[in-house]
Amino acid sequence: MFESVTKMLPPLPERMRPQKLSDYVGQRHLVGPGCILRNMMDSGALSSFILWGPPGVGKTTLARIIAGTLDREFYTLSAVSAGVKEVREVIDAARSKSLFSLSGAPILFIDEIHRFNKAQQDALLGAVEAGTIVLIGATTENPSFEVITPLLSRCQVFVLKSLEVDDLQQLLDRALREDELLKERRIEVRETDALFRHSGGDARKLLNILEIVVDAQVGKADPVVIDNRTVTECLQENVAIYDKGGEMHYDIISAFIKSVRGSDPNAAVYWMARMLDGGEDPLFIARRLCILAAEDVGLANPNALLLADATFRIVHSIGMPEARIPLSECAVYLASSPKSNSAYLAIDKALAAAKSDQTAAVPLYLRNAPTKLMEDLGYADGYKYAHEYPGHFTDLEFLPEKFSGTAFYEPQPNPQEDRLKSYLEACWPKYYSK
């Protein structure tokens, strides 16, 4: 009976989706008393915003709760399937509704707004600016890269965080106490470490795992036991091999990064293929290639960063499936390039020095002297213009006195940086000596 009823009902995450703010778990920095989204809801003064955070932290749920609390007309579009036509149809419908609404402008919720192209985002601008709609966007990607500047300037961005252990415990307790199916079962929770670890701060995944574990024991055990061993065994049989929001995602991207860094192009394209086959956003991979080019190839082959940047732009323009080809080209090139992390180490050393003393003064001769008073005080006095000297170089101290002689950049042994080192040794023997 339990099994047949289960098949007729929505999955547990949908059954447990909160309908009011008092049941919403997490994001206290946004919805807690006196916080910005709570204040918007309490005052009714709702403006457009984008919710940026990992999967399963309550972006869609929060948008629905806000609309229900404020009694606003609520429209929803998925950026995966909606185009400019659908956007304009919703805006037209919202415009007609807003003429007769006493509660305020309708809300348009767009899931995965980072997947909208420029034309689709442009179609939203006029309605957002005129207040015809209140836009709530949801994205797992950095809006700075994925949302056009004019639209971003009209929206606030709120960052949602992965759920903490206390949040996950609260969700677990509520599901066992309130779900119409689970509360009828005898369920004994002995351990939660594996359950929470595999959930990865994702409410949807937590409830999916809980449902898998309970269903696996129906008719076999009484009570149903939830412990680390049972959770692990059930997941090995039921959870997908690649999950964009889960632990396997991080394992595979880690393997990809280490393969490129380790100069193995074959492993690099294999792990990339695993990600693409699992539905990973190709722009996520392209961004990782940009980071790899700067961090791990670096000055050993400066062209790597140019290719990675071009790859990102091309992938953004053409999308899948063709994007797999420039991604593969870039991954193979980076993996096959000589490696150096000297630029990465240099900026970290410089940041550490900057944090250690934020009061180190700029030498007077390096300062501008735009006024007579500043000139009289010695600003710019003693500065030597490098191009007026042989070899376009003059031995002038450019660091604060405290850090004089400190080498933040240390060339590493590869043909490109060997040439840089020779030049720097000639210029700066106090920093670089043979």
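Entry one, cysteines. I started with Cys 234, which is buried, its relative accessible area being 8%. I kept in mind that this is a predicted model. Next I turned to Cys 330, and its relative accessible area is 0%, so Cys 330 is buried too.

How far is the sulfur of Cys 330 from the closest cysteine sulfur? I found that closest sulfur in Cys 290, at 7.1 Å, which is too far for a bond. A pair needs its sulfur atoms within 2.5 Å to be called a disulfide, and by this rule I count 0 disulfides.

I looked at how α17 (residues 303-318) packs with α18 (residues 324-336): the angle is about 165° and the axes are 9 Å apart. An angle over 145 degrees counts as roughly antiparallel, and α17 and α18 are therefore roughly antiparallel to each other. I noted their crossing as left-handed. At the contact, residues of α17 including Leu 307, Ala 308 and Thr 311 meet residues of α18, among them Leu 327, Cys 330 and Tyr 333. I sorted the residues of this contact into 11 nonpolar, 2 polar and 1 charged.

I placed Leu 289 in helix α16 (residues 282-297). Leu 289 is buried, at 0% relative accessibility. Leaving out residues up to four places away in sequence, I listed its contacts: Phe 256, Met 272, Ala 308, Leu 327, Cys 330, Ala 331 and Leu 334. Leu 289 and Cys 330 are 41 residues apart along the chain, yet their C-alpha atoms are separated by 7.5 Å.

Notes
Residues are numbered from 1 along each chain as its sequence is written. This is a predicted model: local features need pLDDT of at least 70, side-chain atom pairs count only at pLDDT 80 or more; totals for chains, interfaces and linings use all residues. Side-chain values use heavy atoms; hydrogens and water are left out. Axes are lines fitted to C-alpha atoms, for helices over the stretch in contact, and angles run from 0 to 180 degrees between N-to-C directions. Helices (H or I, at least four residues) and strands (E, at least two) are DSSP runs, numbered from the N terminus. Angles under 35 degrees count as roughly parallel, over 145 as roughly antiparallel, 65 to 115 as roughly perpendicular and the rest as oblique. A crossing is left-handed if the near helix is turned anticlockwise from the far one by less than a right angle, and right-handed if clockwise. Contact means heavy atoms within 4.5 Å. Ala, Val, Leu, Ile, Met, Phe, Trp, Tyr, Cys and Pro count as nonpolar, Asp, Glu, Lys and Arg as charged, and the others, Gly among them, as polar. Buried means under 20% relative accessible area, exposed over 50%, partly exposed in between (1.4 Å probe, protein chains only).
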